[in-house]
Amino acid sequence: MFALSLIEHDLPMPPHLLSRPLPDAIKTELERLFLDKVIADLGLCLSVYDIRSIEGGSIPAGEGCSTYKVSFRLLMFKPFKGEVLVGRISGYDDKGLQGYFPLHIFMPIKFLKETTKHHVSLDFFNDICIPGHLMQYGTVRGPDGRWMLKTEDGDELYLDLDDEIRFLVSSTKYPPIPIEQTEDDPPFSPMQIVGSIKGDGLGLLAWWADDEEEGEEVAEQWHGVASLERSFSLVF
């Protein structure tokens, strides 16, 4: 989910920061430039992890500030294909779900927009969608517009707003910046995650809660049996 990316950048240093220690001033300027920004193919920047080297400091001709060549590492949010994440549903429409990722130590970079997919959010990242064709078999849209899973027993399990949902990362897209946008176009999303809940263990956490509790009980029983066997082996 997270990765460190090594970057080299020619950084102009604003004069008002020169009164501070150079490493602190450079980190402040790097955070201003990269924090909460998406870098294509690298992901969403969450923090400046460390600064590896600082070189230069010359003032180019015609410029009013010094420029440093800085090598640094950024902590990036970059889920890989096939990774399983847990988010919350924040919207839905005729094409799928929308949601967010509830990792509360990070601040959200923007609010979820209304689009034509079922959305899931991660709190600090909201451009996640689960299209209808990547949902569990038997998932349909109900008369009130909500999506629901029809089970073999005839039960109707609704996917409601703010429900916790476990999904698999199907793909991550970095669309090009549009040249023109109209007022009716949704806000541009520089990074988009497409999720899937088609498979065992995927979907609402509530669907699998009983199975997971049963699995934990079986694991505890086996742990107790193993401990008892070790005790007997020590005795004999």
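Start by selecting Cys65, which is buried at a relative accessible area of 17%. The model you are viewing is predicted. Next pick Cys129, also counted as buried, at 9% relative accessibility. A disulfide is a covalent bond between the sulfur atoms of two cysteines. The structure holds zero disulfides.

Now show the sheet. Four strands make an open sheet with antiparallel pairing, in the order E1-E4-E3-E2. Strand E1 (2-12) and strand E2 (38-39) are the edge strands, each pairing on one side only. Select E2 together with strand E3 (residues 43-58): the two run antiparallel and are joined by two bridges. Within them, Val38 stands opposite Leu44 in E3.

Phe2 and Phe77 form a tilted pair, 6.1 Å centre to centre with 55° between the planes. Because Phe2 lies in strand E1 and Phe77 in strand E4, this pair ties together parts 75 residues apart in sequence. Phe2 is partly exposed at 38%, whereas Phe77 is buried at 0%.

Then select Phe34 and Phe72, another tilted pair, with ring centres 5.5 Å apart and planes at 50°. Phe34 is in helix H1 and Phe72 in strand E4, 38 residues apart. Phe34 is buried at 13% relative accessibility, and Phe72 is buried at 0%.

Finish at Arg146, which lies over the face of Tyr158, 3.9 Å from the ring centre.

Conventions:
Residues are numbered from 1 along each chain as its sequence is written. This is a predicted model: local features need pLDDT of at least 70, side-chain atom pairs count only at pLDDT 80 or more; totals for chains, interfaces and linings use all residues. Side-chain values use heavy atoms; hydrogens and water are left out. Two strands pair if DSSP finds at least two bridges between them. A disulfide is a pair of cysteine sulfur atoms within 2.5 Å. Buried means under 20% relative accessible area, exposed over 50%, partly exposed in between (1.4 Å probe, protein chains only). Rings of Phe, Tyr and Trp (its six-membered ring) pair if their centres lie within 6.5 Å; planes under 30 degrees apart count as stacked, over 60 as edge-to-face and the rest as tilted. A charge sits over a ring if NZ of Lys or CZ of Arg is within 6 Å of the ring centre and within 35 degrees of the ring normal.
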